Amino acid sequence: MKAPLPSPPRSPLVGHLGQWGINPLGVLEKGALAARASGVSTFELKLWRRALVGYSPEWNRGVLGDLETFRSRGGLSELSPYLNAGIVQTDAPEHRPQRKILNPGFTKSAMNDLHTGMATSIERSLPRGDFDAIEWASTVVRAVLSSTFLGSEVIDPVLDRWLGPMEQPLPIPFLPRPIRFRAMNVRLEAALADPPPGSLAQTFAAHGGLAEMRVALAAGYDTTAHTLAWLLAHAAQDPSLLDPSRHDSAIKETLRLYPAGWTGSRRANKDVTLDGVDIPKGELVLYSPYLTHRDPHLWDNPTAYLPERFDTGKAPAWGYLPFAAGERTCLGRHYAHLLMRTVLEAIQSQTLRFVDGDLSPRAGVTLRPAGPLHLHLSHRDPDLTHRNAPRHYAAERSVRLRATPEGAS
Ligand code: HEM
């Protein structure tokens, strides 16, 4: 007989559900500790039902690589009115042909056509002086979504209102919003009927339609905004990251340490054994980029922010999945990369300074910084160049930056 799976300490009455509601990252971290103590990388949670959580590359490959067995329907995204539609809820065998329809509009080269439009929206939204990185990142992502999807020069008010609840603490993003959704659908129907040239509405009018366009807007919003806020907070502490040669590594490391999709879920469609664990049909199965990206077996000094690890090193196979992996890999990954790179390009010749704030991760629908993140953007002081700035900033940071529980800074 196999030994029972490890599990973090739980309440006899509500299992892990109470702690999950308050601090899900803490529950995951304790689960990983319990798993490590037993020499495995899988553990069990008692939420409203049993859930199996794994974070090894083998687990990730199994869960994300087999769409027949591990289904999205019945997973956690079904609980969100924003994500309960389109490709996110499409399972095999329909998923593959549907992605074939959507993929061409989101390739790297297709995204490059959006670069100029993105740059214009970003330039227009640039802050001056003190600003909060979380608020600004949300605003600029709304502006870029409005222009690239809807061809709108300003933040579309219907989109703005529709996205609002996604920024609120749980369970607010999960509440039904029939009025906002109706208004959003009317707005998207109009864009699809007469798509602005060069906008993604044109792409969705030809391939995908309303539900896919709406789900892409939702999936792309807080994920990108929160990642961007962290990226800026780190770039403000290490101005060398504003050098174009370091943009890519900074973006990748931000996505590693703070994967917005901190956990993903599937339902097993049949009995299966994975990474030595027997999974019965119907089981809720979680993978966790958060745990995988912080696993000391996969990453040196995993809780430190070290973009240089991406300058030369390669990520471990199935050990780096900020955008998941396999056939369900994020449709908008090139879009998100481009948006963040374009923001860095827009500020690379200016001086970005960290004032104060709290970078510790908090888990809602997506991972977000505890915040606030006060930064300062100004035209470059000619005496403060990229070359001599890091030491100056490091000293300032040690005084002003509040330490995060995991030591991430
Ligand atoms: C930093 C930003 C982003 C992160 C970290 C992120 C992360 C992810 C992850 C982890 C998944 C897989 C979820 C799962 O199946 O368990 C996913 C799927 C998806 N993402 Fe993103 N995403 C980001 C930005 C975007 C953007 C900008 C868009 C659209 C423009 C987008 C659209 C989608 C869609 C449509 C799916 C579903 C794909 C499918 O099921 O086939 N995402 N994303």
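Which of the 22 residues around the ligand come nearest?

**The ligand shell**

In this predicted model, the residues that come nearest to the ligand are Gly220, Gly261, Gly264, Cys330 and Gly332, out of the 22 around it. By class, the shell consists of 13 nonpolar, seven polar and two charged residues.

Two helices, H11 and H14, each contribute at least two residues to this shell. The largest share, seven residues, is supplied by H11.

When its neighbours within four places in sequence are left aside, Ala137 is in contact with Ala225, Leu228, Ala229 and Leu232.

**Helix H12**

Helix H12 runs from residue 247 to residue 257 and is mostly covered, with eight of its 11 residues buried. The buried residues are His247, Ala250, Ile251, Glu253, Thr254, Leu255, Arg256 and Leu257. Their cover includes H11, helix H13 (289-293) and helix H14 (333-347).

**Confidence in the model**

The average pLDDT of the protein is 92, and 92% of the residues score at least 70. Over residues 382-409, however, the pLDDT is below 50, although this stretch has 34 contacts in the model beyond near neighbours in sequence. Where pLDDT is low, the predicted coordinates should not be read in detail.

How values were computed
Residues are numbered from 1 along each chain as its sequence is written. This is a predicted model: local features need pLDDT of at least 70, side-chain atom pairs count only at pLDDT 80 or more; totals for chains, interfaces and linings use all residues. Two residues are in contact if their C-beta atoms, placed from the backbone, lie within 7 Å. pLDDT is the predictor's confidence in each residue, from 0 to 100. A residue is buried if 20 or more other C-beta atoms lie within 10 Å of its own, exposed if 12 or fewer, and partly exposed in between; C-beta atoms are placed from the backbone. Helices (H or I, at least four residues) and strands (E, at least two) are DSSP runs, numbered from the N terminus. A residue is near a molecule or strand if its C-beta atom, placed from the backbone, lies within 6 Å of it. Ala, Val, Leu, Ile, Met, Phe, Trp, Tyr, Cys and Pro count as nonpolar, Asp, Glu, Lys and Arg as charged, and the others, Gly among them, as polar.
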